[in-house]
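Welcome, and please take a moment to look over the model below. We will walk through it together, one part at a time.

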Amino acid sequence: MNFDLQELSGTFSVADVAAAMVLSFVLSTLIGYVYRYTHRNVSYSQSYVQTLVIVGMIVALIMLVVGSNLARAFSLVGALSVVRFRNAVKETRDVGFIFLAMSIGMACGARFYTLAAVGAVVICVVIVVMFQFNWFALNVQRQVVKVQVPAGDDYTPQIRDVLIKYTSEFELVSTESIRGGALSEVFYMVRLKAGAEPGDLVSALQERTSGQRVTVLTGYDTTDL
């Protein structure tokens, strides 16, 4: 039996492979550092940033393999379609960074080196500028106030007096009975006045509700006394 092994790597040079791999690594690393610098929430994942670098290099390699061959392209699409990712993306911006790393890898693999470098730098600069100047921020801070009061007594006037003092607007969301009817739990959606602190609101409400449990949910912080 005669085996005829054909080497197809000659369609691109070693310099092409090295340039694509090195440039995709450098640019993907830049994207990773920009992601880390502009990340604000507590959901930062080191493995996710490392994955950005890996994805950029893998896509560059895939583009080298595919080249201009449509048959290879469809074969790779079929092979990659069996891959399933079970980790949910925590933030929408994370999806954008994945697409950025993939596009840079595609440009490097297609040997559009100038396009890859300029595109990565420009987009990273835009991301940093948006982060530094806080573009598109909406200065609307609302809080959820949860107040427990003894059942049978109407504490609405006392609660409203406190809310009028500490909030610029408030709206009753719901009222429900808890602990077998011994307590009532009232939910308000409020917006604190400038200079008002959640802790002050909690203390004032507790004074009016016989020291019952009061919770203020504001953004990522919870004041629960």
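At what angle do helix 1 and helix 4 pack, and how far apart are their axes? Helix 1 covers residues 14-38 and helix 4 covers residues 92-109; they pack at an angle of about 165°, and their axes are 9 Å apart. Axes here are lines fitted to C-alpha atoms, for helices over the stretch in contact, and angles run from 0 to 180 degrees between N-to-C directions. Helix 1 is therefore roughly antiparallel to helix 4, given that angles over 145 degrees count as roughly antiparallel, under 35 as roughly parallel, 65 to 115 as roughly perpendicular and the rest as oblique. On the helix 1 side, the contact with helix 4 is made by Ala-20, Leu-23, Ser-24, Leu-27, Ile-31, Val-34, Tyr-35 and Thr-38. Helix 4 brings Arg-93, Asp-94, Phe-97, Leu-100, Ala-101, Ile-104, Cys-108 and Gly-109 to this contact. Contact means heavy atoms within 4.5 Å. Sorted by class, the contact of helix 1 with helix 4 has 11 nonpolar, 3 polar and 2 charged residues. For these classes, Ala, Val, Leu, Ile, Met, Phe, Trp, Tyr, Cys and Pro count as nonpolar, Asp, Glu, Lys and Arg as charged, and the others, Gly among them, as polar.

A word on how to read all this. What you see is a predicted model, in which local features need pLDDT of at least 70 and side-chain atom pairs count only at pLDDT 80 or more, while totals for chains, interfaces and linings use all residues. Residues are numbered from 1 along each chain as its sequence is written, and side-chain values use heavy atoms, with hydrogens and water left out.

Now step back to the whole chain. The protein chain has 7 helices and 5 strands; helices (H or I, at least four residues) and strands (E, at least two) are DSSP runs, numbered from the N terminus. Starting at the N terminus, the order of elements is α-α-α-α-α-β-α-β-β-α-β-β. Of the 225 residues in the protein chain, 31% are buried, where buried means under 20% relative accessible area, exposed over 50% and partly exposed in between (1.4 Å probe, protein chains only). Among contacts in the protein chain with a separation of 6 or more, 70% come from residues 24 or more positions apart.

Back to helix 1, which has another partner in helix 2. These two helices pack at an angle of about 155°, with axes 8 Å apart, and that makes helix 1 roughly antiparallel to helix 2. From helix 1, the residues in this contact include Val-17, Met-21, Phe-25 and Tyr-35; from helix 2 they include Tyr-48, Leu-52, Gly-56 and Leu-64. By class, the contact of helix 1 with helix 2 has 14 nonpolar, 5 polar and no charged residues.

Which way does helix 1 run relative to helix 5? Helix 5 spans residues 113-132 and packs with helix 1 at an angle of about 5°, their axes 10 Å apart. Helix 1 and helix 5 are therefore roughly parallel to each other. Among the residues in this contact are Leu-23, Leu-27 and Tyr-37 of helix 1 and Ala-120, Val-121 and Phe-131 of helix 5. The contact of helix 1 with helix 5 divides into 17 nonpolar, 2 polar and 1 charged.

Next, look at the rings. The structure holds 6 aromatic pairs. Rings of Phe, Tyr and Trp (its six-membered ring) pair if their centres lie within 6.5 Å; planes under 30 degrees apart count as stacked, over 60 as edge-to-face and the rest as tilted. The rings of Tyr-35 and Tyr-44 are stacked because their centres lie 6.4 Å apart and their planes are at 25°. Tyr-35 is buried at 1% relative accessible area, whereas Tyr-44 is partly exposed at 35%. Tyr-35 also pairs with Tyr-48, and this pair is tilted, with 5.0 Å centre to centre and 50° between the planes. Tyr-35 lies in helix 1 and Tyr-48 in helix 2 (residues 46-66), so the pair ties together parts that are 13 residues apart in sequence. Tyr-48 is buried too, with a relative accessible area of 16%. Ring pairs link Tyr-35, Tyr-44, Tyr-48 and Phe-97 into a cluster.

Finally, visit Glu-169 in strand 2 (residues 167-178). Glu-169 is partly exposed, at 34% relative accessible area. Not counting residues up to four places away in sequence, Glu-169 touches Arg-142, Met-189, Val-190 and Arg-191.
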